[in-house]
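Thanks for sending this one over. Please have the model open while you read my comments.

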Amino acid sequence: KIAFKLAAFVHLGLANAADSRSHPVGANPPGDVIAAPFPDRRGRENVPPALDDDAARAVLRAEVEHLGVAFQATLRGDRDDAPPPALDDAERGAAELTSARGNSSSEQDCIIGNIDFGNSTVGALMTRGFPLFTDFGLDMGRIGDAYFELEPMYEINMTNWKEYTAGNSSWQVWRKEERGSYGRGGGYPFDQESFMHLIGFKGVIKDIPAFSVLVETAFEKLYGPTHECSLNSYCREAADFARSVGADPPKVGWTVKNYRGPLDMFTPFVTDFLYTDPDGIGIKITGVKFTEGYLEALEALPEVYDREAYLAFSQRFGLAGSVGFFQFSNKDVFVAGEEYITMGSKNYEGQECANPKPSLVLYSKPNLLLDTLSSIQKARFETLNGNLLDMVENLTLLPSHTASPTSSLAPSLAPTNGSQTRKHSALLAVFALLCNLIM
């Protein structure tokens, strides 16, 4: 998995800015590894030939699609030939019922015709970053409040975007597909890190590859360690559910059933809308821009890193990620043979089409927009990105996710302190390597 993340990291050019004390900004990474598949207008030497804007967007769109395929593969166990776990009667019945629900064509028309970008989860996520430093988890498989509570990072004219999605360029936005099964995965017992990540955030949110280590570290900081079920709030909730259906956690299995269709949506960040030209000013980024509030706050940050100031800024605006892709489908998660959570929707109809629940959201880094920053803003941005790990390491457990004194689930399953130390050291080592790559 680490190898996959590193490969994706280099290929996408999503590296964090290096610490100037060990690797000066603007210098090539060790071994002359260049991570710059997008246009580079900063005058650096020894960079690959810049792609033109059309090629850059094509690369980004292709990578967004690639990440979606790779993500689905991870839910199948990272092996296309891996046999799916057996479903019991309850799971099989629920899966068959899901397959029969919904008419793909009517669902597609319903969403495309009625989605309200100005007042919907989709619209809110397109204008905001990723709430890495607050409550970024899911609420029973749904996008949590923390995503909406961030101050907007991006400005998008939603009226123009709505017209774009229904006009001659709508083929760039929508991808229609009949509903169908996409495979399944699972494990036993259910108190596994992969399960906690699935129901905690990865079932819907596909994080920026460059920041996977950060996101997983922040998850444990905010929701509790994943090495013992009683210490992690998501695992405790699942254990309570297992008990409610007569099971004896953690001696129960879990299964995720994945579907695709009826509809996928690409956002302004990966379509020609990014270059809308209402004033005839030529080829430049005009369809999306950073908000004035974000730029003013970014420029006001101290020149020298100050944890309190930079963390306060990050809690206001989140991590600088942009949503490039939404999938409208469903994932069903079973615990102890009973349906526990449905992510997305089994049938988009009626009012739900105005605010459709996404089953998958793919984030990338807004590389093209970064070239619109001033020199001072770029310097603050690089200082911010160069100290993300320090901020994450100093997050504390959210009060709402604190374990009760009576919480206990098989403490014998917890690894030794030595194994935890090794895991922590490995995370730091991987992140240090990532930080030696430059955008």
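Here are my notes, point by point.

1. Please keep in mind that this is a predicted model. The chain has 439 residues, and 51% of them are buried. It holds 17 helices and 13 strands. Among contacts between residues at least 6 apart in sequence, 80% link residues at least 24 apart.

2. The accessible surface of the chain is about 18,600 Å², and carbon and sulfur atoms account for 52% of that.

3. Now the interior. In soluble globular proteins, nonpolar side chains tend to be buried together. Here the largest nonpolar core has 93 residues, and Leu132, Phe136, Trp161, Met265 and Tyr294 have the most contacts inside it. A second, separate core of five residues includes Phe266, Phe325, Leu360 and Leu362.

4. Met265 deserves a look of its own. Beyond its neighbours within four places in sequence, Met265 contacts residues including Phe117, Trp161, Trp174 and Phe328.

5. Next, the backbone. Most residues other than glycine have a negative phi, and most peptide bonds are trans. A cis bond joins Tyr188 to Pro189, with omega about -10 degrees; Pro189 sits in the loop between β5 and α9. Another cis bond joins Pro249 and Pro250, with omega about 5 degrees, and Pro250 is in the loop between α11 and β7.

6. Please check two positive phi values as well. Met140, in the loop between β1 and β2, has a phi of about 50 degrees and is partly exposed at 41% relative accessible area. Ala336, in the loop between β11 and β12, has a phi near 55 degrees and is partly exposed at 28%.

Note on methods: Residues are numbered from 1 along each chain as its sequence is written. This is a predicted model: local features need pLDDT of at least 70, side-chain atom pairs count only at pLDDT 80 or more; totals for chains, interfaces and linings use all residues. Side-chain values use heavy atoms; hydrogens and water are left out. A nonpolar core is a set of buried Ala, Val, Leu, Ile, Met, Phe, Trp, Tyr and Cys residues joined through side-chain atoms within 4.5 Å. Buried means under 20% relative accessible area, exposed over 50%, partly exposed in between (1.4 Å probe, protein chains only). Contact means heavy atoms within 4.5 Å. Helices (H or I, at least four residues) and strands (E, at least two) are DSSP runs, numbered from the N terminus. Accessible areas come from the Shrake-Rupley method with a 1.4 Å probe; for residues, only the protein chains shown count as cover.
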